[in-house]
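Please open the model in your viewer and keep the selection panel at hand. The stops below go from the whole chain to single residues.

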Amino acid sequence: MKILQKSLRVGIVGAGPAGATLAALLAKEGVDAVFFDDGKRPDMVVGESLIPRLVTVFRKLGIEDDVAKLGTHKPGVTWIFDENDALELSFEAMRGVLPTYAYNVPRRPFDDLVHETALKAGARFIPCSVKLEVGQTERGEKVPRLAAETLALVPDWKGQQPDLLVDASGRRRLFAKLLGLTAKIGKRKDISHFAHYENCTMPTPAGQAIITRLKHGWSWRIPLKHALSVGVVVDKDYAKQYGSNAEEQLEAMIAQNKPLAEACPNRKRITPVTTYANYQLISDQGHGDGWVAVGDSFGFVDPMLSPGLCMAMTSAEQLAEAIVQNGSSQWDKAFSSYLDWFREQLKAWQELVDIFYGGQIFALQRTGTEMSRRFPGKISVIMQRHFEKNISGMAGGGLTTNAYSRNLLRFMTRYGIYGHEPADFAVV
C-alpha cells in the first residue's frame with residue numbers, strides 16, 4: 001500500500017541510468033522528482049551487453065519496444081576458455097524464471113532513452129554542475145545538502161532542501177567523498193580498453209555476446225546494429241607489455257588471441273579507444289538522515305557477467321518502492337532493508353564472477369560433458385538441464401541470490417569436478 005504524500009520532493013544527483021530510472025518511477029507515482037547532472041559523459045560508455053532481468057525493468061518503464069529498436073536481440077552468452085572449447089549459455093534455459101532474451105545496446109542512445117522516459121513521466125531535469133555542502137542534523141550527524149546556488153535552480157522549492165536527496169552520481173560517489181565515507185574494495189585492479197569495429201565476423205547465433213579468456217584477462221565481443229564492440233580487461237601492469245598506449249594495447253591483444261584475430265582479420269576501428277578502470281567496491285554506509293545512495297554510487301562489482309547496468313537500474317527500482325511505500329518516518333528502516341538487499345546482490349554477483357575467474361565453472365562443464373558421454377540417457381539430460389537453468393538464471397539476474405541456486409553451484413564446484421583442475425581454466 002502506498003502512503004505517499006503528493007508534496008514529496010526528491011532531489012537526485014546524477015542523470016545516468018540509475019538516476020533517470022529512479023526519477024521516472026518516482027514521477028509516475030506523483031513525486032516531485034528533480035534530477036541534476038552536468039551532462040559530462042564520454043562518447044563511448046561501457047556496459048553495452050544487458051541481461052534478462054533488465055527486460056522486466058524496461059517493461060515497467062514502458063520502453064522495451066524502444067530498446068529493441070535501438071539494440072540487438074541477445075539470446076545468450078558464449079565463454080571461450082581455450083581455442084578449441086567453449087561454454088555456450090542460452091537464455092532459453094531460464095524459461096519460467098525470466099524473459100529468455102536480453103539486448104545489446106549502444107549506451108549513449110540507450111541512456112538518452114531512459115533520460116527522456118523520466119521527463120515524459122513528469123520528472124524535471126536541471127542541467128548543472130551540482131554544488132554540495134556538508135550539513136548537520138540536530139543529533140550532530142553530518143549529511144549532504146544542496147548548496148544555495150543549486151537550490152536556486154529550482155525556484156518553487158523556495159530555497160528549502162528536498163525531503164530526500166539521492167546520490168546517483170555513479171563512480172564519482174559524490175556523497176561518500178563529501179562525507180568521507182569508507183568502502184570495501186575488491187582485489188582486482190584491471191583496466192578495460194574497448195572500441196567499435198566494422199568488417200568483423202558477427203557472433204552466432206545472432207546477437208550472442210562472446211567472452212574469451214586471454215593469457216592474462218578476458219575480452220568481450222558484443223554485436224551491435226552498426227558495429228562489433230570489442231574490449232579487453234587485463235591487469236594494468238600486464239597491459240604495458242602490449243604497447244605504450246591504449247590503441248596499441250587493444251590492437252595487439254586482438255591480434256595475438258586466435259579467436260579474436262580470426263573474428264576480426266579485416267577490422268576497421270570506427271571509434272576512439274576508450275579506457276575504464278575495472279574494480280569492485282561496496283560502500284560501508286549508503287544512507288543517513290535525509291539521503292540515500294543508488295546504483296554505482298553505493299557499490300559495483302566486476303563486469304564479467306554484465307551486472308553493472310542491471311544493478312544500477314534494479315537498485316533504482318527497489319529504492320523507488322522503498323520511498324513510495326513508506327512514510328518519511330519509516331525511511332530509516334526501509335532504506336536499511338533496501339541496502340541489505342543491495343549488499344546481498346553485489347555479494348552474490350561477485351561470488352558468481354569469482355567462480356568464472358577461478359575456472360571452476362569450466363572444469364565443471366568439462367566434467368559434465370564427459371559424464372554425459374559415459375552415462376547417456378534421460379537422467380543425465382534432466383540433470384544437465386536443471387543445472388543449466390539455475391546457472392543461466394543466476395547469470396541472467398533472476399536467481400542470483402536464490403539460496404538453492406547458490407548452494408547448488410557451491411556444491412557442484414566443490415564436489416562435482418573430476419579429472420580437471422580449475423586452475424587450468426582460470427582467468428588470471
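This is a predicted model: local features need pLDDT of at least 70, side-chain atom pairs count only at pLDDT 80 or more; totals for chains, interfaces and linings use all residues.

Residues are numbered from 1 along each chain as its sequence is written, and side-chain values use heavy atoms, with hydrogens and water left out.

**The whole chain**

Select everything and colour by secondary structure: the chain has 14 helices and 21 strands, where helices (H or I, at least four residues) and strands (E, at least two) are DSSP runs numbered from the N terminus. Along the principal axes, the C-alpha atoms fill a box of roughly 70 × 50 × 40 Å. The radius of gyration of the chain is 22 Å, which agrees with the value near 22 Å that a compact globule of 428 residues would have; this radius is taken over C-alpha atoms, and the globule rule is 2.2 Å times the number of residues to the power 0.38. Of the 428 residues, 55% are buried (under 20% relative accessible area, with exposed meaning over 50% and partly exposed in between, for a 1.4 Å probe and protein chains only). Among contacts (heavy atoms within 4.5 Å) with a separation of 6 or more, 74% join residues 24 or more positions apart.

**Helices H1 and H2**

Next, select residues 17–28 (H1) and 53–61 (H2), whose axes come within 11 Å and cross at roughly 40 degrees; axes are lines fitted to C-alpha atoms, for helices over the stretch in contact, and angles run from 0 to 180 degrees between N-to-C directions. H1 and H2 are therefore oblique to each other, since angles under 35 degrees count as roughly parallel, over 145 as roughly antiparallel, 65 to 115 as roughly perpendicular and the rest as oblique. Show side chains for Thr 21, Ala 24, Leu 25 and Lys 28 of H1 and for Val 57, Lys 60 and Leu 61 of H2, which make the contact.

**Loop residues**

Finally, select Lys 158, in the loop between helix H5 (148–151) and strand E10 (164–167). Phi of Lys 158 is positive, near 50 degrees, and Lys 158 counts as exposed at 69% relative accessibility.
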